Amino acid sequence: MAEVIRAHDWTLTPLGPLEDWPEDLLLSANLMLSCAFPALVFWGKEWVQLYNDAFIPLLAERHPSGLGQMAQDCWWDAWQIVGPNLKRVMNDGETVFHENTLVPIIRDGRLQNIWWTYSYSPIFGADRDARGVLVVCQDITSEVSAAQELRKSEEGTRESAKRLGELAAIVASSDDVILSKDLNGTITSWNDAATRIFGYSPEEMIGASILKLIPEHLHSDEKTILESIRAGRRIEHFETVRRAKDGRLIDVSLTVSPIKDEEGRVIGASKILRDVSGRKRIEQSLLQAEKIAATGRMAATIAHEINNPLAAVMNLLYLLRSKITDEEGRGFLATAEDELGRVSHIAKQTLGYYREHAAASLASVSVIAEHALTIYEPRCTAAGITIRKSIAPSTKIVLRRGEMMQVVSNLIVNSIYGMPQGGTLSISVCDASSPGSGVVLTIEDDGVGIEAKDLPKVFDAFFTTRTTVGTGIGLFVAKQFVEGHGGRISIESDSEPEKSGTTVRVFLPLHTAYERSGM
C-alpha cells in the first residue's frame, strides 16, 4: 500500500499533494503501514481514509476506491456506528475500544453480519487538538461462529445417555480439544483436535495422567479442579497454560464439567480446551499499537519543546563568533557548537520516532559510520571501551542519511550499554556481492550478550532487557529504517560468560527502495 499511496492523486482530496502533508500525518501513515494487523487512518475534519495492506481483505469491493475517500462515503452502510465513534474520538480526544461487536456491512454485494474487535485512537497535533483517528481492528466473525458452535456442543454434553452416539460425532469433529478423565486425573478419551494441538496420539495419552499436559508450577490447579468436580461443580472459561509434546506453552481456555452415572454420582469429568493463543496475540498487538500511537504523540510534543531552545542557543553562539578574537576562545566556541549539535542528534535519537523527510540522496555508509564513531568515541574512552574499526570505502547508494545515522547510533549505544565493565567495540563496513550486491555494516561487542529466550523479541517495540535505561524502541526503529531501504538486519548473541557478546549485521542493497521509488 505504501507504493499505492505514493502514486495516488491526492490533489483531488482535501489532503492535497503528498509533498504538502504535515509531519504528523506522514508519521501516522508510516505507523499505520508498518502495523501487522488491519489498520487505517482517518485524517482531518473530512476524515479522509488511508489504510494498510492487511486492511484490504476487510474492504472487499471498497478497495481500491476507498483510498482517499471520505469516511462517510466509504462506510455509509455502517455510518450509524462508525460516525459516532469518530466524532467521540475527534471531539473528546478519548480512545474508543469495542470487543466482539456486531457491525453489519455490505460485503460481496449483500448485507452481512460482521463481528469486529476494534480500537479508535486520537492522533494529536502539536497543539494537542485531534488531527485524525488511528483505527486498528480485526474481523473476528469466524471466531464468533466457532464460539457459537462450541456453545452448541457444550449443550450436547448435558444431554442424556441415549445421545452419546451423536455427542461422540461432535467430539470427534470439534476444532477444540475435548477429553475426559476419571477422578484420579487419568485421561480416558482423547479427540483429534487434542492430537493436533498437543502433538500426542491417543495411544500416548489414554491412561496417562492429565498432569502430563500441565506445567509443574500449575499442578496445584488440577487438585482444585478435581475438588470442584467431585462436588459436582462446573468450571467455565478458566484461562491457564498447558504444555505441548514439543515443550511449547499454549494459552488455553478450559471448561470442565462433571460426568455422572445413572444414579447421579460423579465418576469423572469432561474437559473442553480452546487454544486462545491467537486471541492473546491480537490483544497484545492492539495494546502495542496504542502504545506506538501514544509514543508518537509524545514525541511530537517533546521534539517541539527541545528543538526550539536548542536552535536559539545555536543562533546565540553564531552571534558570538564575531565577539571572540583570541584563538583559544574560538576553539572553545567551536567545541561548544559541535557538542550542541551532538545534543540535538541525541535528542532525536532518544525520541525514537525521528523520521527524516528530506529526499534520499547518494551517500556512503562508511562515511556515516566514521561520523558516528567520532561522536561516540569520547563516551567509549570514558567507559573503558576499545574501538576497532575496519571501514573500507563503500559504494555510494541512495539512502536517507539521517535514518542510517540513527541506525548506526542506536547499535553503537546498545553495545556501549552491553559492556558496563568495558570491552572491545568492533565496527566494519564493506561492499558485498553475495547473496546480493550491496553494503554490509557489522557492529560487534564482547559485552554481556543477550539470553537466547530474549533474542526473538529484540526487534519488538518497547522490549528491553535493561531495567534502568532505554525505551525498548531503538532496535525496533532501526529495523523499520533498514527494511524501509529494502535491506535486512540480523542479530546474533551469546550470554555465556566465556564467549559472551553480540553481533549485529545490516545489509543495504546496491539499489535501495528509495532509488527505485525516486524518494
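Me: Quick overview first. How many helices and strands in the chain?
Reply: The model is predicted. The secondary structure comes to 16 helices and 19 strands.

Me: And what share of the residues is buried?
Reply: Buried residues make up 45% of the 519 in the chain.

Me: What about contacts between residues at least 24 apart?
Reply: Take the contacts between residues at least 6 apart in sequence. Of those, 57% join residues at least 24 apart.

Me: Let's do the sheet with β8 in it. What's the strand order?
Reply: The order is β9-β8-β12-β11-β10. The sheet is open, has five strands and pairs antiparallel.

Me: Which strands stand at the edges?
Reply: β9 (187-190) and β10 (235-243) do. Each has a single partner strand, so one side of each lacks a neighbour in the sheet.

Me: How many degrees are neighbouring strands turned against each other?
Reply: On average 30 degrees, ignoring direction.

Me: Zoom in on β8. How many bridges to β9, and how many to β12?
Reply: Strand β8 (residues 177-182) pairs with β9 over three bridges. With β12 the count is six. Both pairings are antiparallel.

Me: Which residues stand opposite leucine 179?
Reply: On the β12 side, lysine 271 stands opposite leucine 179. On the β9 side, tryptophan 190 does.

Me: And the bridge partner of lysine 181 in β9?
Reply: That is isoleucine 187.

Me: What's in the hairpin of β8 and β9?
Reply: Four residues lie between the strands. Glycine 185 in this hairpin takes a positive phi near 85 degrees.

Me: Is β8 mostly covered or mostly open?
Reply: Mostly covered. Five of the six residues in β8 are buried.

Me: Which strands does helix α10 lie across?
Reply: Helix α10 (residues 219-230) lies across β8, β10, β11 (249-260) and β12 (266-275). The helix runs at about 150 degrees to β10.

Me: Switching to helix packing. How do α13 and α14 cross?
Reply: Helix α13 (residues 365-382) and helix α14 (residues 401-417) cross at roughly 35 degrees. Their axes come within 9 Å. The crossing is right-handed.

Me: Which residues make the contact?
Reply: From α13, they include Val367, Ile368, Ala372, Ile375, Tyr376 and Arg379. From α14, they include Met404, Met405, Val408, Ile412 and Ile416. The contact residues divide into 15 nonpolar, two polar and two charged.

Me: What about α14 with α15?
Reply: Those axes also come within 9 Å, crossing at roughly 145 degrees. The crossing of α14 and α15 is left-handed. Contact residues of α14 are Glu403, Gln406, Val407, Asn410, Leu411 and Asn414. Those of α15 are Gly474, Leu475, Val477, Ala478, Phe481 and Val482.

Me: How does that contact split by class?
Reply: Seven nonpolar, four polar and one charged.

Me: Which residues of α15 are buried?
Reply: In helix α15 (residues 474-484), they are Leu475, Phe476, Val477, Ala478, Phe481 and Val482. Just after α15, glycine 486 takes a positive phi of about 85 degrees.

Me: Now single residues. Where is aspartate 445, and is it buried or exposed?
Reply: Aspartate 445 sits in strand β17 (residues 438-445). Aspartate 445 is buried because its relative accessible area is 9%, under the 20% cut-off.

Me: What does its side chain reach?
Reply: The side chain of aspartate 445 reaches the backbone nitrogen of glycine 447 at 2.8 Å.

Me: And which residues is aspartate 445 in contact with, leaving aside neighbours within four places in sequence?
Reply: Ser415, Met419, Thr424, Gly501 and Thr502. Glycine 501 is 56 residues from aspartate 445 along the chain, yet their C-alpha atoms are separated by 5.4 Å.

Me: Last one, histidine 8. Where is it found?
Reply: In the loop between α1 (2-7) and α2 (23-34). Histidine 8 counts as partly exposed, at 28% relative accessibility. Beyond neighbours within four places, histidine 8 is in contact with Thr13, Leu67 and Gly68. The C-alpha atoms of histidine 8 and leucine 67 are separated by 8.3 Å.

Notes:
Residues numbered from 1 in each chain as written. Predicted model: local features only at pLDDT ≥ 70, side-chain atom pairs only at ≥ 80, totals over all residues. Heavy atoms only, no water. Axes fitted to C-alpha atoms, helices over the stretch in contact; angles between N-to-C directions. Helix = DSSP H or I, 4+ residues; strand = E, 2+ residues; numbered from the N terminus. Left-handed = near helix turned anticlockwise from the far one by under 90°. Contact = heavy atoms within 4.5 Å. Nonpolar A, V, L, I, M, F, W, Y, C, P; charged D, E, K, R; others polar. Buried < 20%, exposed > 50% of the residue type's maximum accessible area, 1.4 Å probe, protein only. Polar contact = N/O pair within 3.5 Å; in protein donor to acceptor, adjacent residues only side chain to side chain. Pairing = 2+ DSSP bridges.
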